[in-house]
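Please look at the sequence and the model below before reading on.

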Amino acid sequence: MSKLRILYVANEINPFLKTSEVAEFVRKLPQAMQERGMEIRILVPRFGLINERKNRLHEVVRLSGINISVGEEEKPLIIKVASIPNAKLQVYFIDNEDYFQRKFVFHDKENNFYPDNDERAIFFCKGALETVKKLGWAPDVVHCNDWMTSLIPMYLKTTYKNDPIFKDAKSVFTVYNTEFSHKFGTDLVDKVKMLDIEDSMLSNLESADYEGFIKIGAEYADAVIKAGDEFKGNLDELFSTFDKEKKVDTIEKGEDFEESYFNLYTELAG
């Protein structure tokens, strides 16, 4: 039997960047799955406060050079790679001068939320999928972590559903306590759209806020994971809605944490 291939997509990973619990989760789980015989790839944004020299990032020229459309604009995609110290894992970094060459992650030095964080998320989600296509590596499961990756399950079920690399891929979407209060512009839906995506498919995103991103990720993912029990706002209500239709789990860090994910991936991959 061939190895299961798991693609992890997240906004951060230790030791390169840590602003929330996402970074630690995405550091430990892929290694645990690799040690259980799975084949792993990891994709994160190359935020500007990641020190390239210290972390030995270098550009992968054969993967770079694609243009990614965000609304009416096209932005060049640059791919960099680095290895995690003391682990046989490589991390691919999605980079673009306009979106990621800032010394902060989602807020500026005055703690103002960047108004183009929606475009950064769109660029990252599209860029991640195009990078995997360029790698020619067909994942069995795409595990999306946090709101910034929430468009990927939808793109997999629409624009990329017939692509040979993704046609059999299942998606997992993990939700964390990383809520923000910012509301994006009314053009968000238009910017997100791609081939084979109608306006009606994006109704959950019309609120143009954090909850909208979570709803769209949960709607299209094959499994939804809650990282913990306490969620603000209407998210608990949202989870109970999706619980009736698909697998919604809370997987706590504990003795059977790795086993639970191993079983989930195996089950999804069929």
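## Aromatic pairs

There are 21 aromatic pairs in the structure. Rings of Phe, Tyr and Trp (its six-membered ring) pair if their centres lie within 6.5 Å; planes under 30 degrees apart count as stacked, over 60 as edge-to-face and the rest as tilted. The model is predicted, with pLDDT of at least 70 needed for local features and 80 or more for side-chain atom pairs, while totals for chains, interfaces and linings use all residues. Residues are numbered from 1 along each chain as its sequence is written, and side-chain values use heavy atoms, leaving out hydrogens and water.

Phenylalanine 25 and phenylalanine 257 form an edge-to-face pair, with ring centres 5.9 Å apart and planes at 80°. This pair links distant parts of the chain, since phenylalanine 25 is in helix 1 and phenylalanine 257 in helix 9 (residues 257-269), 232 residues apart. Helices are DSSP runs of H or I with at least four residues, numbered from the N terminus. Phenylalanine 25 also makes an edge-to-face pair with tyrosine 261, at 5.6 Å centre to centre and 65° between the planes. Tyrosine 261 lies in helix 9, so this pair ties together parts 236 residues apart in sequence.

Tyrosine 261 is buried, at 1% relative accessible area. Buried means under 20% relative accessible area, exposed over 50%, and partly exposed in between (1.4 Å probe, protein chains only).

Glycine 136 follows helix 4 and has a positive phi, near 65°.

## Cysteines

Zero disulfides are found in a search of the whole structure. A disulfide is a pair of cysteine sulfur atoms within 2.5 Å. The sulfur of cysteine 125 has its closest cysteine sulfur in cysteine 144, 7.2 Å away, which is too far for a bond. Cysteine 125 counts as buried because its relative accessibility is 0%, and cysteine 144 is buried at 0% as well.

## Glutamine 31

Glutamine 31 lies in helix 1 (residues 21-35). This residue counts as buried because its relative accessibility is 19%.

Notes: Helix = DSSP H or I, 4+ residues; strand = E, 2+ residues; numbered from the N terminus.
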